[in-house]
Amino acid sequence: EDLLRTAAQNSRLSLQRTQAGWLLLGALMTLGSSLVRYHLPKMLLLWRNVFPRSQKELEAEKARGDSFTWQVTLEGRAGALCAMRSFVAHCPELLTEDVIRRLMTPIECAMTMMSQVPAIIKVHGAHLKASAAMVRLRLYDILALLPPKTYEGSFNALLRELVAEFTLTDNSANTTTSLLRSLCHYDDSVLMGSWLQETDHKSIEDQPNSASGSGALEHDPSSIYLRVPVGEAIPGPLPLGVSVIDASVALFGVVFPHVSFKHRLQMLDHFAECIKQAKGVRQQAVQLNIFTAVLSALKGLAENKSTLGPEEVRKSALALVMGALDNPNPILRCAAGEALGRMAQVVGEATFIARMAQTSFDKMDLLMKFRYCTKTVHLCSSHLLLRRAAVACLRQLAQREAAEVCEYAMSLAKKAGDGKDNTTISEPKSCVRQGQFYVGGAVVFEVEKDEEDSEKKDEMDDDTMFTGLGDDDKSKPSVAPRWVTRVFAADCLCRIILLCENVDKAHFDLATARSAQAKNPKGTILLCRWCFLAS
């Protein structure tokens, strides 16, 4: 409190004193209700005095002050809102109706002020944009924690701000949200570009490749005391531009279930128009932000057990989603598929779901006409997404019995086959011997070998086997496996060991394996040569 009072006494340190004062007060809120209870009346007074009390005071405020004064003012208001957020998050027992009402006075002033900020920036300089963005971030964060009914009178103005935020209306940069992955199914992470969901290397290797930027404490000092949301990557937080869009998307999902069907339709139509008007890379960024916001809204509807709306709202939402199902960007296709699934949750009408399913099948039928879906797709394909899909399929196959996989594949192949380009699928035992794997009637990859070659390779010594198998094609460049590939290989090896260690020790003993092979040449022996596997 003393820091805030003396901030104006030394202009050289005004900004730092203001930031530090609110940072300490925000940290104080984390001590919980039992301690904060005694300081709450003084805190409510501090929060009220930071903001203008009326529209008249706000107008008078605009007419005075210089660039530096406005920077200190905006930072102070951002700090006050952050301390409020910390109070709401850490002291829920103190949130009585009266306290919430008194909190809403400065919050409503903040919402009113945000409409005036562009004019202030125009007069005093673009360097105020960062401070203004911080105010918006803090405002969105605390509103997301409060009951929507407490600010339902401000829905129209708030939604205009939120939609303008994530559609990049006043933002020349093509900034994208970081929330899409968290709103999609966990198993879709391979399409989102994340290979390291379950490893200790994720926070290290995922950051340089992130479109959202790397997390750092300098982006938001309040992160030293605020709780880290469940599932959020550490280190954080993300750059301010990304954090503001993330907060607007999250708040949009909170507010959307509480607005009228008429406004829902207007927003969905506006989204389609925003995507249509944007071009090139910017269109991809706008579309990604919009789909993340739509997913957030659909999630909010499901949590509130609300419906999407009447037929015209459904048609508008469905047109928006269907337009992205065949987008060249795999991330947008994934988001569209997720949105389609969430729409089925919140519509709840059998006829509508049946129409969606039929449309999806029609698109899949179109895709099946392409060669990639009917021909062999190798793990060594030059297309990264195909290789990733193959690995994802193999992960699932590794958990199934060979007979079960082949039986399912044959049934699908009979349904999908057109008699012209069918792939012959052998019996389960033959499938395993020939190293063939099938997914959904299409061959993911196929290692062709005859028994004569297999017998010759069995007779090779270790040096020949591990150094000479690639001699047939010297033209192919040698590419070292990525770390995740090696992790996946080690994981597969662990699974093999667990399955075989209690069955037959011949799998792990060279002499016993040779003896067993001599007695039964047709038997299958898995011999782990540890020295080569370790290398």
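1. Leu40, Trp47 and Val50 in H4 are in contact (heavy atoms within 4.5 Å) with Gly76, Arg77, Ala80, Ala83, Met84 and Phe87 in H6. The residues of this contact divide into 7 nonpolar, 1 polar and 1 charged; here Ala, Val, Leu, Ile, Met, Phe, Trp, Tyr, Cys and Pro count as nonpolar, Asp, Glu, Lys and Arg as charged, and the others, Gly among them, as polar. H4 covers residues 40–50 and H6 residues 67–90, and their axes come within 10 Å and cross at roughly 145°. Axes are lines fitted to C-alpha atoms, for helices over the stretch in contact, and the angles run from 0 to 180 degrees between N-to-C directions. The crossing of H4 with H6 is left-handed, a term used if the near helix is turned anticlockwise from the far one by less than a right angle, with right-handed used if clockwise.

2. On the source: this is a predicted model, in which local features need pLDDT of at least 70 and side-chain atom pairs count only at pLDDT 80 or more, while totals for chains, interfaces and linings use all residues. Residues are numbered from 1 along each chain as its sequence is written, and side-chain values use heavy atoms, with hydrogens and water left out.

3. The protein as a whole has 27 helices and 2 strands. Helices (H or I, at least four residues) and strands (E, at least two) are DSSP runs, numbered from the N terminus. Of its 535 residues, 38% count as buried, where buried means under 20% relative accessible area, exposed over 50%, and partly exposed in between (1.4 Å probe, protein chains only). Among contacts between residues at least 6 apart in sequence, 67% join residues at least 24 apart.

4. H6 also packs against helix H9 (residues 129–145), at an angle of about 20° and with the axes 8 Å apart. H6 is therefore roughly parallel to H9; angles under 35 degrees count as roughly parallel, over 145 as roughly antiparallel, 65 to 115 as roughly perpendicular and the rest as oblique. This crossing is left-handed. On the H6 side the contact includes Gln71, Leu74, Glu75 and Met84, and on the H9 side it includes Ser131, Val135, Arg138 and Ile142. The residues of the contact of H6 with H9 divide into 13 nonpolar, 2 polar and 4 charged.

5. H16 passes H17 in a left-handed crossing. Arg314, Ala317, Leu318, Val321 and Met322 of H16 make the contact with Ala336, Ala339, Leu340, Met343 and Val347 of H17. By class, the residues of this contact are 9 nonpolar, no polar and 1 charged.

6. Two non-glycine residues in loops deserve a look. Leu168 has a positive phi of about 60° and lies in the loop between helix H10 (155–166) and helix H11 (180–183). Leu168 is buried, at a relative accessible area of 1%. Lys305 has a positive phi of about 55° and lies in the loop between helix H15 (280–303) and H16. Lys305 is exposed, with a relative accessible area of 76%.

7. Arg264 lies in helix H14 (residues 261–277) and counts as buried, at 3% relative accessibility. Leaving aside neighbours within four places in sequence, its contacts include Phe256, His258, Leu301, Thr307, Leu308 and Val313. Arg264 and Leu308 are 44 residues apart along the chain, and their C-alpha atoms are separated by 8.6 Å.

8. Ser248 is found in helix H13 (residues 240–255) and is buried, with a relative accessible area of 0%. Not counting residues up to four places away in sequence, Ser248 touches Tyr140, Leu162, Glu165 and Phe166.

9. Ala357 sits in helix H18 (residues 350–368) and is partly exposed, with a relative accessible area of 28%. Its C-alpha atom is separated by 9.5 Å from that of Ala344, 13 residues apart along the chain.

10. One record annotation can be set beside the model. An unreviewed UniProt entry lists residues 20–40 as "transmembrane region"; UniProt positions are given in the numbering used here, feature names are shortened, and annotations may be inferred rather than shown by experiment. In the model, residues 20–40 are 71% helix and 0% strand, with the end C-alpha atoms 19 Å apart.
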